[in-house]
Amino acid sequence: AKVGRWEEFEIVLQRLRGESADISYESSEIKEYTCRLSQISEDSIFDLFQEQYSKSLLVGVGLMVLQQFGGVNGIVFYASSIFVFAGVSSKIGMIAMVIVQISAAGTFIGCLLVALSFYLQVLSSLKYIILYIIKLYIMLMKKIPQIK
């Protein structure tokens, strides 16, 4: 439908929905959407670097950079004082901060495992890598009793 082959589009849609299905409404919606979509200009990322957007871009990027200098590190550093001023015991505050840090570490580990799984999917010889990891694990397990 996007390239203007409307007859083929309707035949395929009718086949997809079934011979007895009424596709007129759906077909008109798709035609209207593709016409509207073709009228929208296709902008690129480089269009952001025009003079009219320079102030907004500078403020946005500047805030992201400044956030990295402060951010959670400032909160963690002053956490005990913040909790005392809030009327909460500093021990409870520290426990809460430890939980937050552990969950952040868990998020990092989870992201790392997802990235590793995608990387392993890309490799064509995945079964050999798994066998190598198992072999390495067995070799390490054999050496552990000797360390004790």
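This passage describes the overall fold of the protein and then its helix α1. The structure is a predicted model, in which local features need pLDDT of at least 70 and side-chain atom pairs count only at pLDDT 80 or more, while totals for chains, interfaces and linings use all residues. Residues are numbered from 1 along each chain as its sequence is written, and side-chain values use heavy atoms, with hydrogens and water left out.

The protein contains seven helices and zero strands; helices (H or I, at least four residues) and strands (E, at least two) are DSSP runs, numbered from the N terminus. Of the 148 residues, 6% are buried, where buried means under 20% relative accessible area, exposed over 50%, and partly exposed in between (1.4 Å probe, protein chains only). Among contacts (heavy atoms within 4.5 Å) between residues at least 6 apart in sequence, 13% join residues at least 24 apart.

Helix α1 comprises the twelve residues 6–17. Its expected span, 1.5 Å times one less than its number of residues, is 16 Å, and the end C-alpha atoms lie 16 Å apart, which agrees. The buried residues of α1 are Phe 9, Leu 13 and Gln 14. They lie on the same side of α1 because they cover an arc of only 130° around the axis, the arc being that of the directions from the helix axis to the C-beta atoms. An α-helix has 3.6 residues a turn, so residues three or four places apart point the same way. Helix α2 (24–39) is included in what covers the buried residues of α1. On the other side of α1, Glu 7, Ile 11 and Arg 15 are exposed. Just after α1, Gly 18 adopts a positive phi of about 110°.
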